[in-house]
Amino acid sequence: VKRAYHEKVINHYESPRNVGSLNKNDPNVGTGLVGAPACGDVMKLQIMVDDEGIIKDVKFKTFGCGSAIASSSFVTEHIKGLSLEQAGQVKNTEIAKELSLPPVKLHCSMLAEDAIRAAIRDYKTKRSKLTATGPIPEAQPEVAMA
Ligand code: FES
């Protein structure tokens with residue numbers, strides 16, 4: 001029987017790392033929310049960044065296929081401890097290669113690349129707004145949706 005998926009994909013899919021959410025109102029947190037036009041799958045990836053610009057924590061939630069879940073799980077482990085600049089250079093082709101994704105699943109790893117970029121962008125926008133408006137406020141608790 002030909003195995004359709006590499007065991008790394010299955011492993012990350014069955015026991016995804018770093019699933020969850022960070023407080024998006026925390027000034028040290030950047031949130032990236034992206035969708036794949038090809039299939040409608042959605043990925044949320046959040047980074048917590050320290051004052052030196054190093055990614056200290058990463059969480060994700062993916063409403064999507066197994067490869068998208070595996071890709072996001074893999075990148076959360078991969079970018080933890082990297083600088084924003086290093087994380088911004090992660091390519092979907094690296095993710096796909098690491099997980100041995102078949103060509104039809106390339107867009108799933110693209111979602112992870114897009115999510116990292118979006119999270120970094122969000123973090124930077126937030127920081128530039130904060131420095132423009134004065135001292136950095138304490139994190140506000142996230143308001144629960146009714
Ligand atoms: Fe769309 Fe995988 S099939 S993200």
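The structure is a predicted model.

Three strands build an open sheet, arranged in the order 1-2-3. The pairing is antiparallel. Strand 1 (29–35) and strand 3 (55–63) are the edge strands, and each pairs on one side only. Neighbouring strands are turned against each other by 15 degrees on average, direction ignored. In general, the strands of a sheet pair through backbone hydrogen bonds.

The pairing of strand 2 with strand 3 can be followed residue by residue. Strand 2 spans residues 42–49 and pairs with strand 3 in the antiparallel sense. The pairing runs over 8 bridges. Val42 has Phe63 of strand 3 as its bridge partner. Ile47 is bridged to Val58, also in strand 3. Strand 2 and strand 3 form a hairpin, with 5 residues between the strands. In this hairpin, Gly53 adopts a positive phi near 80 degrees.

Helix 5, residues 106–132, lies across strand 1 and strand 2. Helix 5 runs at about 140 degrees to strand 1.

Note on methods:
Residues numbered from 1 in each chain as written. Predicted model: local features only at pLDDT ≥ 70, side-chain atom pairs only at ≥ 80, totals over all residues. Pairing = 2+ DSSP bridges. Helix = DSSP H or I, 4+ residues; strand = E, 2+ residues; numbered from the N terminus. Axes fitted to C-alpha atoms, helices over the stretch in contact; angles between N-to-C directions. Contact = placed C-beta atoms within 7 Å.
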